[in-house]
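Me: I have a structure open and want to go through it piece by piece. Can you take my questions as they come?
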Amino acid sequence: MLPRLFLLHFSDTSLLAEEGERLVGFLVGFLSPSRPEEAYIHFVGIHPDYRGRGLARMLYGRFFETCRTRGRSVVRSCTSPVNRGSIVFHQRMGFQIEPGDGFADGVSVHTDYNRPGDPKVLFMKRLEPC
Ligand SMILES: CC(C)(COP(=O)(O)OP(=O)(O)OC[C@H]1O[C@@H](n2cnc3c(N)ncnc32)[C@H](O)[C@@H]1OP(=O)(O)O)[C@@H](O)C(=O)NCCC(=O)NCCS
């Protein structure tokens, strides 16, 4: 999920959460070079001991602010249909699920998204302007 290129080339729009010197969470996102109104959150992770405290909400909020100040009005992300926690989390963050071409466990998915047999749930959120 995180080849080094993400850390090298998207560091100005990515975030770390630290307690002291301990890394407890991260968000890797970027402003789309191809879609000037859009930004994309590639991956977020919170240390298991630190979940449920609003850390991911905080990282998303900071990323949304970066998007707004840099003229982006749409944020996209995606996850696997088995990742129910991620699906609920994104819905709590105000993302809509983009209708796909199939369903998995009652959730709309885009089948064969990255490769055959690899369905994904696609999220989209519109940001209010500053
Ligand atoms: C998903 C993940 C990033 C959430 O991080 P977190 O810091 O625990 O989330 P927060 O505490 O900020 O929660 C924000 C909201 O989402 C909800 N939420 C978070 N995780 C949830 C879960 N597993 N199930 C249901 N709801 C969840 C919270 O209840 C909260 O809702 P509220 O503020 O409206 O009450 C974290 O569980 C994680 O790192 N998971 C493993 C990696 C992963 O799946 N990343 C996403 C891949 S795209």
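Me: Which residue just after α3 takes a positive phi?
Reply: G94 does, with a phi of about 95 degrees. Helices (H or I, at least four residues) and strands (E, at least two) are DSSP runs, numbered from the N terminus. This is a predicted model, where local features need pLDDT of at least 70, side-chain atom pairs count only at pLDDT 80 or more, and totals for chains, interfaces and linings use all residues. Residues are numbered from 1 along each chain as its sequence is written, and side-chain values use heavy atoms, with hydrogens and water left out.
Me: Which residues of α3 are buried?
Reply: S86, I87, F89 and H90, in a helix covering residues 84-92. Buried means under 20% relative accessible area, with a 1.4 Å probe and protein chains only.
Me: Where do they sit around the helix axis?
Reply: They fall within an arc of 165 degrees, so they line one face of α3. The arc is taken from the directions from the helix axis to the C-beta atoms.
Me: What covers them?
Reply: The cover includes α2 (55-69), β4 (74-79), β5 (96-97), β7 (107-109) and β8 (121-126). Contact means heavy atoms within 4.5 Å.
Me: New topic. How many helices and strands does the chain have?
Reply: Three helices and eight strands. In sequence order they run α-β-β-β-α-β-α-β-β-β-β.
Me: And how much of the chain is buried?
Reply: Of its 130 residues, 41% count as buried. The C-alpha trace spans about 45 × 35 × 30 Å along its principal axes.

Notes:
Buried < 20%, exposed > 50% of the residue type's maximum accessible area, 1.4 Å probe, protein only.
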